Amino acid sequence: MNEMNQKFCQCCGMPMGDTGELYGTNADGSKNEEYCKYCFEKGAFTFPGTMEEMIEICLPHMVAANPDMKEDEARKIMQEWFPTLKRWKE
């Protein structure tokens, strides 16, 4: 899948690939293509916290996925990107 068409969870920003196995589920059990299975289950968000709390939860995962990235750099990237995601848009 090319990066232009890459789907990202609109809550945590995780890349969701193109197979659908990471998609969350709607209340009727159908797949939700906007949110991952870790953030959205049975039609509801699994995480009730703030965007800032979500960034702190995602921080170690982003650093682990990008070994050359420092924690401060990862946090800054997420602080700029997360407000553009559907879940956190004002």
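Which side chains meet in a salt bridge at 2.8 Å, N to O? The side chains of Lys-86 and Glu-34 do, a salt bridge being a side-chain nitrogen of Lys or Arg within 4 Å of a carboxyl oxygen of Asp or Glu. Lys-86 lies in the segment after α2 and Glu-34 in strand β2, so the pair ties together parts that are 52 residues apart in sequence. Helices (H or I, at least four residues) and strands (E, at least two) are DSSP runs, numbered from the N terminus. The model is predicted: local features need pLDDT of at least 70 and side-chain atom pairs count only at pLDDT 80 or more, whereas totals for chains, interfaces and linings use all residues. Residues are numbered from 1 along each chain as its sequence is written, and side-chain values use heavy atoms, with hydrogens and water left out.

Both partners of this pair are partly exposed, Lys-86 with a relative accessible area of 44% and Glu-34 with 33%. Here buried means under 20% relative accessible area, exposed over 50%, and partly exposed in between (1.4 Å probe, protein chains only). A search of the whole structure finds 6 salt bridges. Another of them joins the side chains of Glu-33 and Lys-7 (2.3 Å, N to O). This pair links distant parts of the chain, with Glu-33 in strand β2 and Lys-7 in the segment before β1, 26 residues apart. Glu-33 is partly exposed at 45% relative accessibility, and Lys-7 is partly exposed with a relative accessible area of 27%.

Strand β2 (residues 31–36) also holds Asn-32, which is buried at a relative accessible area of 10%. A polar atom of the Asn-32 side chain lies 2.8 Å from the backbone nitrogen of Glu-34, and the side chain of Asn-32 reaches the backbone nitrogen of Tyr-35 at 3.1 Å. Neighbours within four places in sequence aside, Asn-32 is in contact (heavy atoms within 4.5 Å) with Tyr-23, Gly-24, Thr-25, Asn-26 and Phe-40. Strand β1 (residues 23–25) pairs with β2 in the antiparallel sense over 3 bridges; pairing requires that DSSP finds at least two bridges between two strands. Thr-25 has Lys-31 in β2 as its bridge partner. The hairpin of β1 and β2 has 5 residues between the strands, and Gly-29 takes a positive phi near 90°.

In helix α2 (residues 71–81), the buried residues are Ala-74, Arg-75 and Met-78. They cover an arc of only 100° around the axis, which puts them on the same side of α2; the arc is that of the directions from the helix axis to the C-beta atoms. These buried residues pack against α1 (51–65). The face of α2 turned away from the buried side carries the exposed residues Asp-72 and Glu-80. Glu-80, with a relative accessible area of 52%, forms a salt bridge with Lys-76, the closest N and O atoms being 2.7 Å apart. Both residues lie in α2, 4 residues apart, about one turn of the helix.

The largest nonpolar core has 21 residues, and those with the most contacts inside it are Cys-9, Met-54 and Phe-82. Such a core is a set of buried Ala, Val, Leu, Ile, Met, Phe, Trp, Tyr and Cys residues joined through side-chain atoms within 4.5 Å. At least two residues of this core come from each of β2, α1 and α2, and α1 gives the most, with 5 residues.

Key:
A polar contact is a pair of N or O atoms within 3.5 Å; within protein, one must be able to donate a hydrogen and the other to accept it, and residues adjacent in sequence count only if both atoms are side-chain atoms.
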